Amino acid sequence: MKWLSKIFKSGAGSSRGVSTGEEQPQFIGDENMVWRAPFRSLDDRPRASKEKEELDRAIALSLTEDLKRPNGYRWRTETDDDLARSLRDSFNSAPYPSYAPREYYPRGYRTCAGCKREIGYGNYLGCMGSFFHPECFRCHACGYPITEHEFSLSGRDTYHKSCFKELTHPKCEVCHQFIPTNGVGLIEYRCHPFWSQKYCPSHEHDYTSRCCSCERLESVNTQYFSLGDGRSLCLECMESAIMDTGDCQPLYHAIRDYYEGMNMRIDQQIPMLLVERQALNEAIEGEKHGFHHMPETRGLCLSEEQTVTSILKRPRMERRGLVGIRTQPQKLIRRCEVTAILVLYGLPRLLTGAILAHELMHGWLRLNDYRNLRPEVEEGICQVLSHMWLESEVMPTSRNNIPSSSTASTSSSSSTWSYGPSTSSYGPSIPASSTSSSSKKGGKSSVENKLGEFFMHQIAHDASPAYGGGYRSAMAAVNKYGLRRTLDHIRYTGTFPE
């Protein structure tokens with residue numbers, strides 16, 4: 001070792017380093033600790049003291065050179081420590097204490113933030129002011145050590161970049177891939193306002209199937225059923241779908257009973273038919289008047305005589321879609337202001353019922369001589385009745401204990417019109433016939449209830465001026481004045497009460 005050669009220098013050599021009166025600072029290891037020797041005159045110290053000083057300096061210089069080795073570590077053994085200590089202790093006559101500390105490399109000054117043990121003399125990593133053994137620097141997600149040059153941070157938690165992306169980068173719920181960034185490096189995606197289904201913007205234009213009922217896009221791990229007319233239906237909506245005119249009759253009569261329970265009885269026997277998309281579009285073209293919601297019309301209150309092709313027998317469900325559908329043309333004769341009510345086939349029960357409630361309100365208005373109404377007034381009040389029926393099916397308990405009164409007397413038990421200003425008291429009580437037939441096979445499932453909530457959401461948030469704006473204006477009037485007074489005001493003024 002270099003410091004041994006300095007110990008055995010001749011006396012002339014030890015007196016060769018003449019000082020200007022002050023020793024230079026000594027740097028010990030990578031701690032940069034400065035220790036200054038006390039000011040002493042050369043004439044005041046004995047030879048033994050000067051030799052001891054040379055010894056201490058040699059040891060300090062040797063330790064400094066060792067600490068400059070790669071990775072900031074020195075190769076130090078217990079033999080080196082014992083030899084240095086014995087040589088230093090051999091000079092016991094020093095008149096003043098040594099200027100260097102007894103321990104030149106303090107042990108335990110680095111503690112691993114992972115295992116909480118002393119790091120010692122091995123390799124280590126530094127991050128956020130803490131030190132780690134390489135094997136203790138681990139991903140907070142998968143628990144494996146991070147060996148890559150780059151990693152991700154969230155707060156004080158460390159992650160592999162791939163694990164962090166898996167946790168934070170949104171995935172498309174249609175293709176199940178990471179949603180790509182746009183041209184400026186931002187993650188851009190679409191999200192359904194009710195179902196919160198997140199998907200890549202490209203799926204709106206790449207012919208991905210969309211359920212014609214609930215509007216959700218078809219995922220790669222699900223299968224939608226084709227209705228054969230350009231529409232697709234998801235499995236959840238298919239569970240309660242009504243496929244032919246015969247299946248729809250109980251629901252149609254239940255909604256007529258619902259109207260009767262609100263003192264809005266319809267005495268005329270109005271035919272109701274389930275039809276295909278093409279037949280409904282042809283009927284719309286043959287209708288001389290009426291306002292229709294574009295781009296998709298699902299129901300029609302017909303007032304002209306026409307021949308309409310209806311669904312006679314429900315199709316079979318096979319792997320490739322629905323097959324075996326049987327249709328029958330039917331001549332519709334006008335016997336009153338309403339010829340028939342047409343509804344698109346293949347829709348869930350609650351959506352079919354909402355359409356029937358809407359179209360029956362059109363029929364009720366025409367049969368009761370509500371003429372020449374503006375689209376936002378007529379469509380708005382029809383949407384209110386549709387929403388009210390859905391609410392009675394999805395949340396039937398909300399109709400319990402509703403205060404009701406007639407236009408003649410508030411104590412009348414025969415009328416169920418409500419004048420309450422609260423949102424829960426604008427509607428009628430529920431007829432027993434409606435609640436008893438709320439489902440084809442008993443009570444509704446949670447899936448069907450969720451669909452009903454979505455259809456209510458669709459009505460309330462429709463952006464069209466006639467259907468959406470009209471509904472919100474009509475609902476505000478009904479909440480404030482009640483349904484009967486609102487209808488009376490529409491009859492005499494053609495507008496909603498302010």
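The protein exposes about 26,800 Å². Carbon and sulfur atoms supply 50% of that area. The model is a predicted one. Of its 498 residues, 44% count as buried. The chain forms 14 helices and 19 strands. Among contacts with a separation of 6 or more, 59% join residues 24 or more positions apart.

## Helix packing

Two packed helices are described by the angle between their axes and the distance between the axes.

| Helix pair | Angle between axes | Axis distance |
|---|---|---|
| α10 and α12 | about 160 degrees | 10 Å |
| α10 and α13 | about 70 degrees | 7 Å |
| α13 and α14 | roughly 125 degrees | within 7 Å |

Take α10 and α12 to begin with. Helix α10 spans residues 375–394, and helix α12 spans residues 446–460. Their angle is about 160 degrees. Angles over 145 degrees count as roughly antiparallel, so α10 and α12 are roughly antiparallel to each other. The crossing of α10 over α12 is left-handed. On the α10 side, the contact is made by Gln-383, Ser-386, His-387, Leu-390, Glu-391, Glu-393 and Val-394. Helix α12 brings Asn-449, Gly-452, Glu-453, Phe-455, Met-456 and Ile-459. Sorted by class, this contact has five nonpolar, five polar and three charged residues.

How does α10 lie against α13, the helix of residues 465–481? The two pack at an angle of about 70 degrees, with axes 7 Å apart. Angles of 65 to 115 degrees count as roughly perpendicular, and α10 and α13 are therefore roughly perpendicular to each other. Here α10 passes α13 in a right-handed crossing. From α10 come Pro-375, Glu-376, Glu-379, Gly-380, Ile-381, Gln-383, Val-384 and His-387. From α13 come Pro-465, Ala-466, Tyr-467, Gly-470, Tyr-471, Ala-474, Met-475 and Val-478. The classes are 10 nonpolar, four polar and two charged residues.

Ala-477, Val-478 and Tyr-481 of α13 touch Leu-483, Arg-485 and Thr-486 of α14. That contact divides into four nonpolar residues, one polar and one charged.

## Positive phi in loops

Which residues other than glycine have a positive phi? Met-128 is one, with phi near 55 degrees. Met-128 sits in the loop between β3 (125–127) and β4. Its relative accessible area is 31%, so Met-128 is partly exposed. Ser-196 is another, with a positive phi of about 60 degrees. Ser-196 lies in the loop between β7 (190–191) and β8 (198–199). At 37% relative accessibility, Ser-196 counts as partly exposed.

## The β14–β15 region

Is Pro-315 buried or exposed? Pro-315 lies in the loop between β14 (306–313) and β15 (316–318). Its relative accessibility is 8%, and the cut-off for buried is under 20%, so Pro-315 counts as buried. Leu-227 is 88 residues away along the chain, yet its C-alpha is separated from that of Pro-315 by 9.3 Å.

Glu-318 belongs to strand β15. At 27% relative accessibility, Glu-318 counts as partly exposed. Which residues does Glu-318 contact, leaving aside neighbours within four places in sequence? Phe-225 and Val-323 are those partners. Phe-225 and Glu-318 are 93 residues apart in sequence and 8.9 Å apart in space, C-alpha to C-alpha.

## An exposed loop residue

Thr-147 is in the loop between β4 (130–132) and β5 (152–154). Its relative accessibility is 67%, over the 50% cut-off, so Thr-147 counts as exposed. His-160 lies 13 residues from Thr-147 in sequence. Their C-alpha atoms are 8.8 Å apart in space.

Conventions: Residues numbered from 1 in each chain as written. Predicted model: local features only at pLDDT ≥ 70, side-chain atom pairs only at ≥ 80, totals over all residues. Heavy atoms only, no water. Helix = DSSP H or I, 4+ residues; strand = E, 2+ residues; numbered from the N terminus. Buried < 20%, exposed > 50% of the residue type's maximum accessible area, 1.4 Å probe, protein only. Contact = heavy atoms within 4.5 Å. Areas by Shrake-Rupley, 256 points an atom, 1.4 Å probe, with all protein chains shown as cover. Axes fitted to C-alpha atoms, helices over the stretch in contact; angles between N-to-C directions. Parallel < 35°, antiparallel > 145°, perpendicular 65-115°, else oblique. Left-handed = near helix turned anticlockwise from the far one by under 90°. Nonpolar A, V, L, I, M, F, W, Y, C, P; charged D, E, K, R; others polar.
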